[in-house]
Structures are given as structure tokens and as C-alpha cells.
Amino acid sequence: MRALSSILLFISISLAFAEDFTVFEKGGYYGIKDQSGAVTVPAVYERLGWSDGSSEVRNGVIGYKQNGSWGLITVRNKPLTQQKFYTIVPISANYFKASIKGKFSNRLFHGILDKKGKTLVSFNYFTIDPFGVNWLVSDFDGNRQLFGVVSMNNEVVIPTKYKRVSEVNSLLIAEQPGSKIDLYKNGGQLIQLGLDSLTNTYDGVTAYRDGYAGYLLSSGSVVYDFDYKKFRLENSQVKPVSFPEWKIYQKDTLFLSWQCDSLSMSENGMLIAFLNGAHHFLLKNETLLSNHELVLKEVSTDKMIVQNSKSRQWSVLLEDGTAIIKQYDSIHAMGDFFGARNHTGWNLHHSTGQQMNRFPFQELKPGVEGQFLAKKNDHWGILTSDASELSSFKYDSIVADGDAYVVSYLNMWGTMNTNAEWIIRPSFQEIFKHNDILIGRRGRGYSVFSKGEFKFKTTAKPTDRIGEFTLMLSEELKMGLLNDYGEMVIYPSYDRIQMVGDHFTLWDSTGVSLAEKTGRIILKPEENYQEVSGFSEEYFSVKKENRWGFVDDHGRLRISNRYDDVRTFQEGMAPVKLREKWGFINKEEHLVIQPYYQSVTKFNDGVSVVQIDGKYGLINTEGKEVLELIWKSINRLPTGNYIVQNMDDQFGLVNGAGRFILRSEYDHLQDFGNQVLVSKGGAWGVLDYSGHQIFKINHEEIKVVKNLTMVRN
């Protein structure tokens with residue numbers, strides 16, 4: 001094997017001819033000969049060549065190794081650098097990538113040398129590689145490797161803050177860690193910030209930002225600014241395509257107009273415009289309406305948090321558009337305050353815009369009862385509502401949870417109150433909460449606390465809630481229930497627990513029990529019920545010997561188990577099934593409506609939807625048909641009306657008395673209580689209950705949300 005290695009080394013050295021110079025070995029040391037065999041570099045070096053194992057001469061220059069470190073030398077034995085590099089390899093005839101070790105770690109820092117040994121790019125980077133006329137470099141931010149670009153003369157072209165940098169034509173595309181894209185010219189001039197995507201289009205680039213499309217030339221010059229849905233080619237020219245226009249009405253009054261794909265409303269009642277997959281919140285505000293560059297991100301009382309789509313900077317505006325907080329990288333509301341981040345860190349601002357802290361924090365987030373959690377010097381502390389320090393900054397982690405804090409100190413967990421006093425001292429490896437119940441883990445054991453007092457211990461992790469109770473497991477994995485006062489209302493002795501109404505069904509080896517919230521058993525296993533299910537109007541459905549009946553909320557049998565199936569009571573009547581047909585009984589077990597129907601619904605406002613042979617109709621509590629059984633489907637609405645579908649898939653609207661509000665002649669129908677949205681032949685309109693057209697049936701699309709009608713033409 002040693003002989004083979006020597007042969008391979010000889011072959012490697014023999015092949016190392018470049019520029020008529022040859023590396024040779026003598027006595028375990030290396031030198032260089034010219035073409036005539038004359039020694040130009042004596043054999044005094046540990047290695048000649050490069051740290052990657054190659055040995056070719058590059059432009060009269062080669063690497064040399066002495067005392068375990070590398071340097072550059074000419075083929076005439078003139079040192080160009082000291083031997084101070086950990087690695088050195090040629091990138092081209094004139095450039096060499098070298099590395100040095102960090103002073104306080106074994107990490108390598110790379111730079112670039114020229115053929116004279118001069119440092120072209122300083123040794124600051126984790127990686128460095130050729131990139132067009134520049135160098136692509138990377139460094140670490142925490143655990144993330146981030147990339148940038150430096151020029152040949154060591155000037156920063158693109159800062160080292162991107163997860164990826166690529167080059168297309170004369171443009172540099174820099175992708176942020178959060179997937180946004182910044183666009184630079186080759187020389188480093190910033191063209192666009194915060195783009196969502198780029199697509200080559202015809203002779204230029206279509207760029208999308210916050211849902212709007214813009215069109216740029218390959219040079220980066222803007223042809224069409226970011227106001228459009230897309231672009232198309234027409235007569236060999238690029239033409240913009242605008243978004244559809246929506247008009248938003250409050251009753252009959254025009255409230256707002258906006259161009260977008262569609263509109264909706266958030267849970268807190270804010271209008272949302274959707275544009276190419278992005279969404280914008282909308283307000284009727286002159287500042288926002290006149291400046292599409294301002295994207296509304298959040299509303300806090302009477303303040304607007306906005307981001308400028310071009311500069312990507314965040315601000316807080318008053319209703320008149322006055323900026324009280326501006327030029328931050330991010331802002332979010334925290335009660336009556338705002339957390340604002342820039343390159344120095346996080347600052348806390350009052351709702352007036354006043355900055356509350358003197359020095360920035362590393363992190364900032366809401367606490368409990370108007371307090372704040374802040375991080376500085378890599379440790380967490382608690383701030384009062386006026387931003388003064390309530391606790392020292394010495395904790396590993398603090399999490400606001402309900403009305404208390406879960407705190408890690410010296411890698412152990414405990415809980416604190418809002419006075420920064422320990423409720424449970426930090427002695428657990430993990431702590432979590434279920435409402436007012438605190439659970440701490442130490443090894444395989446879980447300790448349960450209520451209001452700081454120990455209540456229960458188990459090796460099974462309590463993770464689930466049933467209603468307002470915490471499900472507890474014993475060492476034998478039996479189930480019980482603990483209330484939020486720390487009282488064990490049902491001792492862990494059951495195989496399964498399920499909530500029915502405000503009671504609990506309990507299963508163990510003896511059978512099924514029924515218990516109140518207090519834990520009092522009202523139905524015992526010896527009564528031999530197979531199942532206890534739905535609860536309504538003080539009656540439970542119970543199954544015994546495969547037949548159904550009802551017991552009351554004291555566990556007393558009220559209706560014998562004689563039915564194939566039942567549904568719960570509603571309006572004093574319950575659906576029951578006998579011989580595969582459904583009818584209704586009352587609480588006195590009178591068979592009010594004979595079993596005649598294949599399916600029924602419970603009564604709502606005295607009306608039930610019934611079905612025979614796949615056709616539906618309506619009956620009242622006397623069993624009389626109020627709407628003939630001829631319909632393909634009938635669905636009750638929250639308004640108390642019913643949408644009916646005929647066999648031709650046309651829809652109409654009837655009231656609870658079975659009288660038609662709108663005849664079945666529409667392709668689509670939605671009832672909003674005082675108006676009805678309909679479509680017919682692809683056109684949309686809005687009608688009142690008399691059939692009068694509030695909005696004529698000639699619109700491309702209409703949406704009705706709360707008190708707003710949104711019309712697209």
C-alpha cells in the first residue's frame with residue numbers, strides 16, 4: 001500500500017507541469033526545476049503546491065508550506081507572503097483563495113490574494129467564490145448562513161444578509177431569509193426592496209410586490225410601477241392589465257371603491273382586499289386611499305400601522321395621516337403601546353409616539369396586565385406599564401400565560417406573579433398551564449398545583465381538557481377530572497370520560513355511569529345502560545338492550561327504551577325511529593306524529609324538514625305539510641327561512657310558514673335577513689323580500705358581508 005501511495009504521489013508530481021516548471025521531491029522536501037532541469041527553488045519546503053493536493057504553477061506563483069502553514073512564493077524562490085494561512089488554493093491565474101483560523105475558535109475565515117500576494121478581499125468570510133465581476137461571500141448570523149457580494153477591491157456591493165444571491169442579466173437577485181427579494185444592479189445600486197417574485201417577461205422582468213405587479217427592463221429601469229394585476233403582449237408591446245374595480249356600499253350609499261381580485265372581511269370587521277394572493281386591510285382614509293405605497297398592516301384604537309411598499313419601512317399614523325412613529329423595520333401594537341424594531345434593536349413607544357426606553361432591547365413582547373417582557377444582554381426581564389424595570393434581567397426565558405409568567409432561571413422552570421414574585425420556585429424541567437392549573441415536570445413525575453398549592457402527582461402527563469376540567473391520569477392510566485380550583489371532582493378510576501351537555505359519562509369495567517359537574521353520580525353502572533348520549537331540555541338519550549329511551553337530569557327513567565333510534569328534544573318534541581321510519585313524541589311519550597318519514601330534523605320554530613323517497617318538504621308540529629314534499633333539498637338558514645332546491649337545481653326561498661319569498665328560479669341564493677343575493681345566468685344581483693332589485697341582476701360578482709354590499713363590474 002505504501003509503494004502504491006509513492007507511485008501515485010510520483011504520478012501526481014510528474015504531472016504537475018505548468019509554465020515549464022516542475023515540482024520535485026528530494027529527501028522528503030520539495031523544490032522546483034525549470035524546463036532545462038535547473039533548480040529555481042531548492043528542495044527545502046514541506047510542500048509546494050496547494051492545500052487541495054494539486055501542484056500546478058499559476059502565473060509564476062505557487063503555494064508553499066512551512067511549519068504547518070501556507071504562503072505564496074514565485075518560481076524564482078521569492079516569497080510573496082508569509083506562511084500564515086491554513087488553506088490556499090488558486091481560483092484563476094491571478095487570484096488565490098486563502099483562509100486563516102479565528103483567534104478564539106477553529107472557524108476558518110476566507111479572503112482573496114492576488115498574484116503579488118496582496119490581500120484583495122479581507123479575511124472576514126465563511127465562504128468566498130467568484131461571482132461575475134465580483135465575489136460571492138457568506139457569513140453566519142446565529143445558526144444561519146447568509147450571503148452577500150463584495151467587489152474586486154473589497155467594497156461591499158450587497159450586504160451579507162441574504163439566504164441566496166443570484167445573477168440574471170445585469171441584475172443581482174438577493175433573497176431575504178423571510179423569502180422577500182431585493183433587486184440590485186451589478187454595481188450594487190439598490191433598485192427594488194421587498195419583492196415577492198420575479199418572472200422574465202418579453203424583454204424585461206415582471207416583479208410582484210404586496211400583490212401588485214410592476215414591469216422593469218433588464219437594466220432595472222421601471223417601465224410600469226407597482227399598480228397592476230399583470231402584463232400582456234399586445235402588438236409586440238407590453239401592456240398592463242388592471243385589477244377589477246369593486247364598489248362597496250353601505251345600504252344604498254357608496255362607501256369605498258378599490259381595485260383588487262376580491263374582497264372579504266376579517267373577524268374583527270376589517271375589510272380585506274386580495275391581490276394576486278396577497279391581502280391588504282382597507283380603511284376609508286384619505287391618506288391610504290391617495291397613497292397605494294402605504295400598506296395597512298394593523299389598526300390599534302385610532303392608530304394605523306402601515307408599511308411603505310417601496311422603502312419597506314414601518315410607521316404609525318394618526319387618522320389624518322400624521323406619522324407619530326416612523327422609519328422602523330417592524331412595528332406591532334402592544335395594548336396602548338407599540339413595539340418598534342430597527343437595526344439597533346427594539347424600542348417601546350407610547351400611543352402618543354413617545355419612546356419610553358433609553359436603550360434598545362434585543363427583543364420585546366407583551367406581558368400580563370399591561371406589562372412587557374424584554375431581553376437585553378441575552379437575558380429576560382419584566383417591565384411595568386411605564387417601561388420601568390419590575391424585575392432584573394437575569395432569566396433564561398419568560399412566557400406570559402394567562403395572569404402569570406412561566407419563567408426559566410438557571411435552566412429550571414417556575415412561575416411568577418405580576419409582582420415578579422415566585423408562585424412556584426424554579427425547580428422543574430418543564431412547566432405548563434391549563435387555565436388556573438399549573439403542572440411541573442421533574443424527571444418522569446408531574447406535579448399539579450392550584451394557586452401555588454400542590455394537589456396531585458402522577459407519571460402520566462396531563463395534556464387534555466374536557467370542558468372546564470383538566471383530564472388527569474393515575475399511575476395505572478385511569479382517568480379523572482380536576483377542576484380549576486384544584487379539586488378532584490372525579491377520582492382517576494375510569495377508562496374513558498366524555499362530556500354530554502354539562503354532565504359526564506364515565507366508563508369502567510363495571511359499565512357506564514353518568515355524573516354531574518360536582519362529581520355526584522346520578523346514573524350507576526348497575527342500571528346496565530350501554531350508552532348515554534345527547535342532552536337537551538333536561539333529558540338524556542340512553543341506550544339499553546340496543547333500544548333507546550330518555551332519562552332526566554336526575555337519572556330517572558322518563559321514557560322507556562323502546563325505540564330503534566332517537567334524537568334529542570327540541571321545542572318539547574323528540575324524533576324517534578320505529579321500524580325504519582321516523583316520527584315525533586312529546587315528553588309525556590305521546591306519539592304526536594306517527595313514524596312515517598325516512599328522515600326528519602328537529603323542530604325549529606315549529607317546523608321540521610322531512611323526507612320520503614328522496615324528496616323533501618316541511619311539516620308543522622301537528623304533522624301537517626306546510627311545504628309539499630317535492631324538493632331535491634331544503635336547508636334551514638339562521639334567518640329562519642329555508643332555501644329550497646328543485647329537481648332542475650334551481651333555488652328559491654320560503655319562510656317558516658312554507659310561503660315563497662322568492663320562487664325557485666335562481667342558480668345561487670344567499671339570504672342575509674333583509675336582502676337576498678342571487679345569481680342567474682352568470683349575472684349577480686341583490687333583491688329584497690318583495691323581489692325588488694336593490695342591485696340589478698347584471699353584475700359580474702356581488703358579495704354581501706355584514707352591512708356592506710360589494711359589487712364588481
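## Arg107 and its partner

Arg107 is partly exposed, with a relative accessible area of 26%. This is a predicted model. Arg107 pairs with Asp139 in a salt bridge. Their closest N and O atoms are 2.3 Å apart.

The structure holds 37 salt bridges. Two further examples follow.

## A buried pair

Asp210 and Arg312 form a salt bridge, with an N to O distance of 3.0 Å. They link distant parts of the chain, 102 residues apart. Asp210 is in the loop between β21 (204-209) and β22 (212-217). Arg312 is in the loop between β32 (303-308) and β33 (314-317). Are these two residues buried or exposed? Both Asp210 and Arg312 are buried.

## Glu389 and Lys376

The side chains of Glu389 and Lys376 also meet in a salt bridge, at 2.9 Å from N to O. Here the partners are 13 residues apart. Lys376 belongs to strand β39 (residues 372-376). Glu389 is in the loop between β40 (379-383) and β41 (397-401). Glu389 is partly exposed, with a relative accessible area of 49%. Lys376 is partly exposed as well, at 27%.

Which residues do salt bridges with shared partners join into one network? They are Lys180, Asp196, Asp210 and Arg312.

How values were computed:
Residues numbered from 1 in each chain as written. Predicted model: local features only at pLDDT ≥ 70, side-chain atom pairs only at ≥ 80, totals over all residues. Heavy atoms only, no water. Salt bridge = Lys/Arg side-chain N within 4 Å of Asp/Glu carboxyl O. Buried < 20%, exposed > 50% of the residue type's maximum accessible area, 1.4 Å probe, protein only. Helix = DSSP H or I, 4+ residues; strand = E, 2+ residues; numbered from the N terminus.
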